[in-house]
Amino acid sequence: MMQNKIQNLLDNFTENHKDNVLPNEFNSHQIFSKIFFGIGQGSDPLFLKYKEIIGKYHFTPAELWSSFNFLPKNIHPEEISVLSFGFSFSDDIKEAGSKSQISPPELYLIARNFADTTINSALVSVQQFLDELGFNAALCNQSHLVELVGYSSSWSERHVAYAAGLGSFSLTDAFISDYGSNIRLGSIITDAPFPLSKRKIKTPYSNCLYFANKSCKKCIERCPINAINEQGHDKELCHQYGQKIAQQMMEKWGNLLKPSSRRVKGEVRQRRFPAVGCALCQFDVPCMNQNPIKNLKN
Ligand code: B12
Ligand code: SF4
Ligand code: SF4
């Protein structure tokens, strides 16, 4: 089955690929320990709903498809699939992050910085696999249509992951998958025929303990700048803290960090600091590396 072959390819990538390893300064640590994926169908009405939930600027798979040089350009939505991939950080990184309180560990920050290359490299290997079988496939983030609109993207990887049945949102906004929330996401659009992944999730917040029964607020305690409360997540505060950490990392590890850019209003712009993130709210929490709901008794 095509899915099994892709999973084998991803497992092999995780164990053996040089792009999944940190530089010598960080002891060649593994970045991701598991890559998993789900399948969303191009004709899923959720993608049209995202134009209301996120904004009119959010693209449907068929619209995204038309930005690549594939034929037919105006494909029927049912003929395309969106593969959504989750990348779970390695145990060493999770352990270091769980011990940290005020500032995330350098091990995570460097791994998050290198992760963009790792993710693209893993997705390119899947794209090549599909290409060799005679199908069209492209990395969604390579489309010139994908850009930032305020604190939102015209292709939200979390909403794509939700459509592909990988998990749900949470109190922090983070996406909680079966491998937890301490993950990154990426996606591929293709005309290869895949069966649709069944969405086991009942609501957009089903995997978060706070929404299940209010039994958890651990992420609120974990955020060093109070950017999370019972009403949700303050994106502006969170962004500012990420910038502060990035500036500190730039001063110390500027020679090692990879620069990062984003498309805004059709133009590729260099970011002021390399992307390193924060993610303290995804460490030492019940949803760090599992779906916490699975431990609840019905
Ligand atoms: C802009 C951005 C940010 C902004 C704003 C974040 C935000 N919440 O939107 C800032 C700078 C604050 C940020 C911070 C971080 N980010 Co960020 N960010 C993005 C980016 C580029 C776009 C996000 C986006 O489009 N949001 C759209 C808005 C609308 O989403 P939202 O507000 O979360 O959506 C809510 C509503 O839609 C609501 N909802 C209401 N009704 C309904 C109905 C239905 C049916 C559904 C499905 C949903 C729904 O549910 C959502 C949750 O509340 C994505 C990359 C990408 N292209 O997707 C990465 C991304 C979301 N970030 C990511 C990460 C890891 C981080 C950080 C941990 C930093 C780091 N180490 O990299 C922090 C964590 C912050 C947090 N608690 O979530 C990961 C997510 C991983 C995960 N497990 O969720 C992504 C996907 C990057 C990646 N490629 O992996 N980020
Ligand atoms: S720490 Fe608890 S409340 Fe916060 S997102 Fe995870 S499960 Fe939900
Ligand atoms: S990423 Fe950091 S600053 Fe942002 S909400 Fe989580 S803990 Fe707070």
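# Questions about a predicted model

Visitor: This model is predicted. Which residues of helix α2 (residues 46-53) are buried?
Guide: In this predicted model, buried means under 20% relative accessible area. In helix α2, the residues that count as buried are Leu46, Phe47 and Tyr50.

Visitor: Within what arc do the buried residues of α2 fall, seen down its axis?
Guide: The buried residues of α2 line one face of the helix. That follows from the view down the axis of α2, because these residues fall within an arc of 95°.

Visitor: What do the buried residues of α2 pack against?
Guide: The partners of these buried residues include two helices, α3 (61-65) and α6 (157-163). The buried residues of α2 also pack against two strands, β2 (81-89) and β1.

Visitor: Is Gly55 buried or exposed?
Guide: Gly55 lies in the loop between α2 and α3. Its relative accessibility is 11%, and the cut-off for buried is under 20%. Therefore Gly55 counts as buried.

Visitor: How many Å apart in space are Gly55 and Val149, C-alpha to C-alpha?
Guide: Along the sequence, Gly55 and Val149 are 94 residues apart. In space, the C-alpha to C-alpha distance between Gly55 and Val149 is 9.4 Å.

Visitor: Is Gln3 buried or exposed?
Guide: Gln3 is in helix α1 (residues 2-16). Leaving aside neighbours within four places in sequence, Gln3 is in contact with Phe37, Ile39, Phe194 and Pro195. With a relative accessible area of 17%, against a cut-off of under 20%, Gln3 is buried.

Visitor: What is the relative accessible area of Arg184?
Guide: Arg184 is in strand β8 (residues 183-190). Not counting residues up to four places away in sequence, Arg184 touches several residues, among them Phe32, Phe85, Arg112 and Asp116. Arg184 is partly exposed, and its relative accessible area is 24%.

Visitor: What distance separates the C-alpha atoms of Arg184 and Lys294?
Guide: Arg184 and Lys294 are 110 residues apart along the chain. The separation of their C-alpha atoms is 21 Å.

Visitor: Which element supplies the largest share of the lining of the second largest pocket?
Guide: The second largest pocket has a volume of about 540 Å³ and is lined by 24 residues. Both β1 (32-41) and α7 (209-213) supply at least two residues of that lining. The largest share, 3 residues, comes from β1.

Visitor: How many charged residues are in the lining of the second largest pocket?
Guide: Nearest the centre of this pocket lie Asp178, Lys200, Ile201, Asn207 and Asn291. By class, the lining has 11 nonpolar and 9 polar residues, and the number of charged residues is 4.

Visitor: Which residues lie closest to the centre of the largest cavity?
Guide: The largest cavity holds about 100 Å³ of space. Of the 13 residues that line the largest cavity, the closest to its centre are Ile176, Cys208, Cys216, Cys219 and Cys287.

Visitor: How many nonpolar residues are in the shell around ligand 3?
Guide: The residues around ligand 3 include Cys223, Cys238, Cys278 and Cys281. His233 is also one of the residues around ligand 3. The shell has no charged residues and 1 polar residue, and its nonpolar residues number 10.

Terms used. Residues are numbered from 1 along each chain as its sequence is written. Chains are lettered from A and ligands numbered from 1 in the order in which they are written. This is a predicted model: local features need pLDDT of at least 70, side-chain atom pairs count only at pLDDT 80 or more; totals for chains, interfaces and linings use all residues. Side-chain values use heavy atoms; hydrogens and water are left out. On a 1 Å grid over the protein atoms alone, a cavity is a set of points where a 1.4 Å probe fits but cannot get out, and a pocket is an open set with protein on both sides within 12 Å along at least five of seven lines; lining residues have an atom within 4 Å of a point. Grid points are joined across faces, edges and corners, and a volume is the space filled by probe spheres set on the points. Helices (H or I, at least four residues) and strands (E, at least two) are DSSP runs, numbered from the N terminus. Ala, Val, Leu, Ile, Met, Phe, Trp, Tyr, Cys and Pro count as nonpolar, Asp, Glu, Lys and Arg as charged, and the others, Gly among them, as polar. A residue is near a molecule or strand if one of its heavy atoms lies within 4 Å of it. Buried means under 20% relative accessible area, exposed over 50%, partly exposed in between (1.4 Å probe, protein chains only). The arc is that of the directions from the helix axis to the C-beta atoms. Contact means heavy atoms within 4.5 Å.
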